[in-house]
Amino acid sequence: MKIKLLIAASAALSISFSAIAKAEPQAEVLHWWTSGGEAKSVAVLQNEFSSRGGSWTDMPVAGGGGDAAMTALRARVLSGNAPTAVQLKGPAIQEWYEEGVLADISSVAEAEGWKNVLPASIANHMKCEDTWCAAPVNVHRIDWIWANAAVLAENGISMPTSWDEFNASATKLQKAGITPLAHGGQAWQDATVFEAVALGIGGPEFFRKAFLELDKDTLQSDTMVAVFDQMRIMRGFVDSNFSGRDWNLATAMVMNGEAAFQIMGDWAKGEFLAAGKRPGIDFLCTSTPGDGFLYNVDSFAMFEVDGTDKQAGQLLLAELIVGKNFQKVFNMNKGSIPARVDVALDDFDLCAHISAQDMATSNSNGSLLPSYAHGMALRGAQSGAITDVVTAHFNSDMSSNDAVEMLLKAVANSM
Ligand code: GAL
């Protein structure tokens, strides 16, 4: 089946190549970037596309973490009407490739020399067998704590360097009538906090064994029990209205001083920046306590579509996405750092510099790890099984031991 598709695709490619070059590029782009900072960022791509003669049809599907967007994607592909370009990342790229529905963008990747400007760890996520099947936009870091600088100063608190310190500061803030942790009770946000806690308490090797290798002993270890214990403590630091809250509203609570901290990927920084807040002055950033770096690389995959205008749109989008200018401007807005290694970071803020430095250190000592919560480490069935347990534990009075038992079973059933 796949071979037939490949033959058909390469025949189609050679017949239509000159037609594509002459066509007016069109793209319908499915993404979930709808918050203030995200919308400002995606507009950079839209503008570059338009200024190169492309016409862009926006298909935003609100919902942080992209669960709703992925449901919309499935419906479109099943009805035989895939969008031209889709925000898609991690192993989900390969899952869609196996369905035989992704377009091959190797011609752009080769012409633009992607292999020379992308780190191997990122390039690997963009490859399907020996073809390029996605274009990377950025590197987001997950294991961050954001804080309201004034709230911390007024309460004599500094950014935590251990989980015990975090707990002590949070307790102090709570007594002062401030919500210690801004959080939105959505499964993906629970998972985001959970993986930062797991990395911090267990360390990089524990994280690798648990969430990349799904190692049974690690999943049911005392360390995993300790991770759930810390999650139970965190549950006590969120306000009573946390259920269902969007992540950017939680960020707004930190901005306006209603809450002190948020544990969230650095798209939260995009939100602070879009609201005119200054890093190091109005808000603070530090990595969550512990070693390691959890990365989340956003990317776009192109789906097989008919029409030379759409195919031209796909090639143009792929070229622009990895382009040097786009990688700079987009990421300065988005809160992430460029996926390309040759973009100067001089104009980036101090949090981006921390991110780039820590990423380099982690890359050299083996603690650079893909985020499980943001679909970089596992296939959907496995990451979904873990997140179900994390969220069930967070939203009930389940004991840590019961959570660990449930985790083991859920992972086994998902294989
Ligand atoms: C992540 C995505 C980020 C950001 C976030 C919140 O999964 O990688 O770019 O948009 O969701 O929506």
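The charged end of Arg 235 sits over the ring of Phe 394, 6.0 Å from its centre; a charge counts as over a ring if NZ of Lys or CZ of Arg is within 6 Å of the ring centre and within 35 degrees of the ring normal. The model is predicted: local features need pLDDT of at least 70, side-chain atom pairs count only at pLDDT 80 or more, and totals for chains, interfaces and linings use all residues. Residues are numbered from 1 along each chain as its sequence is written, and side-chain values use heavy atoms, leaving out hydrogens and water.

**Charges over rings**
- Arg 141 likewise lies over a ring face, that of Trp 144, at 5.4 Å from the ring centre.

**Aromatic pairs**
- The whole structure holds 19 aromatic pairs; rings of Phe, Tyr and Trp (its six-membered ring) pair if their centres lie within 6.5 Å, with planes under 30 degrees apart counted as stacked, over 60 as edge-to-face and the rest as tilted.
- Among them is the edge-to-face pair of Phe 49 and Trp 56, with 6.0 Å centre to centre and 70° between the planes.
- Phe 49 is buried at 0% relative accessibility, and Trp 56 is buried at 12%; buried means under 20% relative accessible area, exposed over 50% and partly exposed in between (1.4 Å probe, protein chains only).
- Phe 242 and Phe 394 have ring centres 6.0 Å apart and planes at 85°, so this pair is edge-to-face.

**Placement of Phe 242 and Phe 394**
- This pair links distant parts of the chain, 152 residues apart: Phe 242 lies in the loop between helix H12 (222-235) and helix H13 (247-255), and Phe 394 in helix H18 (residues 380-394).
- Helices (H or I, at least four residues) are DSSP runs, numbered from the N terminus.
- Phe 242 and Phe 394 are both buried.

**Aromatic cluster**
- One aromatic cluster is formed by Phe 194, Phe 207, Phe 211, Phe 228 and Tyr 372.

Technical notes
Helix = DSSP H or I, 4+ residues; strand = E, 2+ residues; numbered from the N terminus.
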